[in-house]
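Here are a few exercises to work through with the model open in your viewer. Try each task before you read its solution.

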Amino acid sequence: MVERTCLQCGDHWAVPARAARARPRSRWGRGFSVPSVLGSGNAALSDAGMHYLLEEAHRRDATADQEFETLQQWRKCPKCGSIDRYTQRRAP
Ligand SMILES: [Zn+2]
C-alpha cells in the first residue's frame, strides 16, 4: 500500500501500490477499435464472428473504463476533492 497526503487539507488516504505506479491515459487511447475491424474488408467474417468481436470490444471497454474510473478516484482527495495535489510514500 501507498499512503497519499493531501497538500490542500492534509488528509491522507491509502491506495494500492499499483495505483501509485499507474498513469491513467485517455480512455480513447486503446489499441483495439471496432472501426478498424469493420474497415478491414474481411468478407470472411461471419455475422456471428462480427457479433463476437463487438461483444468483446464492449467487454474490454467496460473493464478499461472501470479501471480508469478507479484510478481517477485514487488521484482525488476524499476530503476536499482536489486532484493530483498530494505527496505519497510507501506505507509500512
Ligand atoms: Zn484534501
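**Exercise 1: the strand pairing**

Work out how strand 1 is paired.

Solution. Start with strand 1 (residues 2–6) and strand 2 (residues 12–15): they run antiparallel and are joined by 4 bridges. Strands here are DSSP E runs of at least two residues, helices are H or I runs of at least four, and both are numbered from the N terminus. Two strands count as paired if DSSP finds at least two bridges between them. Next, look at the hairpin that strands 1 and 2 make: there are 5 residues between the strands, and G10 takes a positive phi near 80°. Now turn to strand 3 (residues 86–90), which pairs with strand 1 over 5 bridges, again in the antiparallel sense. Finally, pick out E3: its bridge partner in strand 2 is A14, and in strand 3 it stands opposite R89.

A word on ground rules: residues are numbered from 1 along each chain as its sequence is written. This is a predicted model, so local features need pLDDT of at least 70 and side-chain atom pairs count only at pLDDT 80 or more, while totals for chains, interfaces and linings use all residues.

**Exercise 2: one residue up close**

Is A17 buried or exposed, and which residues does A17 contact beyond its sequence neighbours?

Solution. First place it: A17 lies in helix 1 (residues 17–21). Then count: A17 has 11 other C-beta atoms within 10 Å, so it is exposed. The cut-offs are 20 or more for buried, 12 or fewer for exposed, and partly exposed in between, with C-beta atoms placed from the backbone. Leaving aside neighbours within four places in sequence, A17 is in contact with M1 and V2, where contact means C-beta atoms, placed from the backbone, within 7 Å. As a check, A17 and M1 are 16 residues apart in sequence, yet their C-alpha atoms are 4.9 Å apart.

How values were computed. Two residues are in contact if their C-beta atoms, placed from the backbone, lie within 7 Å.
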